[in-house]
Every structure is written in C-alpha cells, then in structure tokens.
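Here's a quick tour of a protein chain for someone new to reading structures. Have a look at the model first, and then we'll go through it topic by topic.

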Amino acid sequence: MRPAPTTGRVLVARLDSLGDVLLAGPAVRAVAETAAHVTLLVGPGGREVAGMLPGVDAVLEFTAPWVVLDPPPLDPAAVQQLVTALAAGRFDAALVLTSYHQSPLPLALLLRMAGVGWVGAASEDYPGSLLDLRHRPVEGLPEAERALQLARAAGFGSAASTSRLAVAGPRPDARPLAGDGPYVVVHPGAAVTARATTGPHARALVDALVAAGHRVVVTGGPGERTLTGAATAGAGERARDLGGRLDLREPAAVLAGARAVVAVNTGPAHLAAAVGTPVVSLFAPVVAASAWAPHGVPVVVLGDQDAPCAGTRARTCPVPGHPCLTGVAPADVVAAVARVAAPSAVEELRTEVPA
C-alpha cells in the first residue's frame, strides 16, 4: 500500500443522509489532525450539517445516483461538473466513506479522473488501480468506529482520536422553542417509513411520558407535521409540537437542552448523540442496531430486533401493524428515559444495544 499524503489537501466523502454525515464526523476530525485543509463531499441536503462538523474547511455537494434513495437518472453534465470541482480542489488524497452495502468505486473513478493521486476506501469489490488503500474493516463495528478505522488505516489521526460524535458552532437559545423547564424530546418520524413509528403509537408514548411527570417536545421535519400533530393531540399544554418548525441548528439546540431523547433510527437520533444527550432508541431492525444505534452517549435500544424484517434494509414495513416498534410498551419507554437520564447513566449505561 502506498502511504497517504496526510499533510496536504484532503477530501472526505459521505454521500448519503444527514445521519450518515454526522457519523462521519470522527473520521473527519482524525483527518483534520494532520491535513492542511479538509473538504467534505456530501449528498443532497447535507451541506448544512457538514458545516457543523469540527475540522471541515469546505463543503461540496453532489447527488450520487449509486447512493441516494429514489435516485435520479445519471446526469453526465452533473458528473462532469463534479469532476471539474474536484480537479479545482487540487486534493492530495481522498477517503471515500460508505456503508457496508455501498460501493466506493464509482466515486473513486471520478476522483481519478479529477487527478486525485491517492484514494482510500473500504471495498468488497476488486478495485484495480482505483484505490491505493483497499481497507477491510472489522465486522460489527458501530458506523462511526468503522469510518474512523478507515481514517486510521490511511495514517490519519492519533491514539487520542475518538469516535464520539460532535458538532460545532453557535446554537440558538432553546427556550423560545422548547419552553421553560426540563423536557424530553420525542422524534417519531423518519424518511424511511419502515424506521418510523405510527401516529397512535407516538401519541401513546407522549401521553405516558406526560403522565409520568415529563414535559414533552415533539420534533419532526416539514413532511412529518401530521405525525407530530397526532403525537401531541392528547397531551394539552404538557406537550409542544415543533414539527416542521425548525432549521438544522435549532434542532441541535432543542436536543441539547433535553433530559433525554426518544427517537426512531433517523438523523436527529445521531444529532442528539452529537450534542451529548442520552437516547432511547426505538429501533426497527431493518438494519443492525450494533452498527446504527446512536453512538457515544447512554443509549437504550427498544424494539423487537428479531422481527421478520431484521436485516432486510426494507424501506416500507413488510409486516402488518409494524409490530417491531408499535409493540414497544409506553411504560418501557418511560422506564428507559428514567435510566438514561439518571446521573449514574454515563458510568452504567454508555451504550446498550443488541450484538
């Protein structure tokens, strides 16, 4: 393996979702420990969260048809624009971060066309001359650890490099958004519907938390207002619906101010971990919790991890009634919130996820 030039201009790529970009943060920080300049290449809508990661100097955005959900047809003009931008960046090295089921080779080819002299990635497929480092990650690692392992294999970072998630930059005051006093956040929705819970179940969770004495703030994106409205419908003034009302730095502030976050497997669960808030993860097993549960904070995973959909990467739940999540009892969520929010949780419960 030809060693990477670790002190020059380095591109790090993570071309999928907001949560994946957050999970790339530890690898980015490791690269930034030695590189003179770090550019992060992200997928559509990832620019703002990329700019929140410590160590990022510049951001490029590209819609990769071989990565994104509901991909558009390949646009040769857009590909050529990316190659031109990569060439203009004069990068000495590039790391292509991918999930285990994605191939880094299409982007590696474009990087070679742009004149990038050293490229590293994890790849199951024979890369020919496209990769200088064909990394073989340890199986079963949390995704943040997996990305950091690639950066270390390339020679970036140090023994002090950590896989804890982090975001930087100023955050607004959460009080005008979340209200005064302690609260728990519930985030019931996800872009992949197989990972979201239902309106009636979300309402049962909010009602149970309110009955247990918590004030609840429900968050969601612009397309999730029906779900967040259903979740808060029975709770009166003890629950606040912020569905569709927040930009990216505002959720970071709201999540940072919470005693705990109850969330399905989606980007805000990882954002909660990045701001240091413990998480009760309502985790549909279409992907492995051992890799994709929130990382680096006290976490309890709830949901049937042996459901028939386990490991299928299904986007729509194939089981009537979505029982892996709707079967989670509200009382169990209340108990899990008490566990992760307890002062002893940091020592006793760093991460509790199925293997």
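## A loop residue and its partners

L69 sits in the loop between β3 (58–61) and α4 (76–89). Its C-alpha atom is 9.2 Å from that of V192, though the two residues are 123 apart along the chain.

Before you go on, note that this is a predicted model, in which local features need pLDDT of at least 70 and side-chain atom pairs count only at pLDDT 80 or more, while totals for chains, interfaces and linings use all residues. Residues are numbered from 1 along each chain as its sequence is written, and side-chain values use heavy atoms, with hydrogens and water left out.

**The chain overall**

- You'll find 15 helices and twelve strands in the chain; these are DSSP runs numbered from the N terminus, with helices being H or I of at least four residues and strands E of at least two.
- The chain's radius of gyration is 20 Å, close to the 20 Å that the globule rule gives for 355 residues, so the chain is as compact as a globular protein of that length. (The radius is taken over C-alpha atoms, and the rule is 2.2 Å times the number of residues to the power 0.38.)
- Along the principal axes, the C-alpha atoms fill a box of roughly 60 × 40 × 40 Å.
- Of the 355 residues, 54% are buried, meaning under 20% relative accessible area with a 1.4 Å probe, protein chains only.
- Take the contacts between residues at least 6 apart in sequence: 64% of them join residues at least 24 apart.

**Pockets**

- On a 1 Å grid over the protein atoms alone, a pocket is an open set of points with protein on both sides within 12 Å along at least five of seven lines, and lining residues have an atom within 4 Å of a point.
- The largest pocket has a volume of about 1400 Å³, where volume is the space filled by probe spheres set on grid points joined across faces, edges and corners.
- Its lining has 47 residues, and S17, L18, G19, A191 and T266 lie nearest the centre.
- Helices α1 (18–23), α3 (47–51), α10 (249–256) and α11 (267–274) each supply at least two residues of that lining.
- The second largest pocket has a volume of about 380 Å³.
- Among the 25 residues lining the second largest pocket, S99, Y100, H101, E139 and R146 lie nearest its centre.
- Which helix gives the most to the lining of the second largest pocket? That's α12, with three residues.

**Cavities**

- The structure holds two cavities of 30 Å³ or more; a cavity is a set of grid points where a 1.4 Å probe fits but cannot get out.
- About 80 Å³ of space lies in the largest cavity, and its lining includes R14, H135 and E143.
- Four residues of the largest cavity's lining come from α6, which is the largest share.
- The second largest cavity has about 60 Å³ of space, and W66, Q102 and L107 are among its lining residues.

Definitions and conventions
Buried means under 20% relative accessible area, exposed over 50%, partly exposed in between (1.4 Å probe, protein chains only). Contact means heavy atoms within 4.5 Å.
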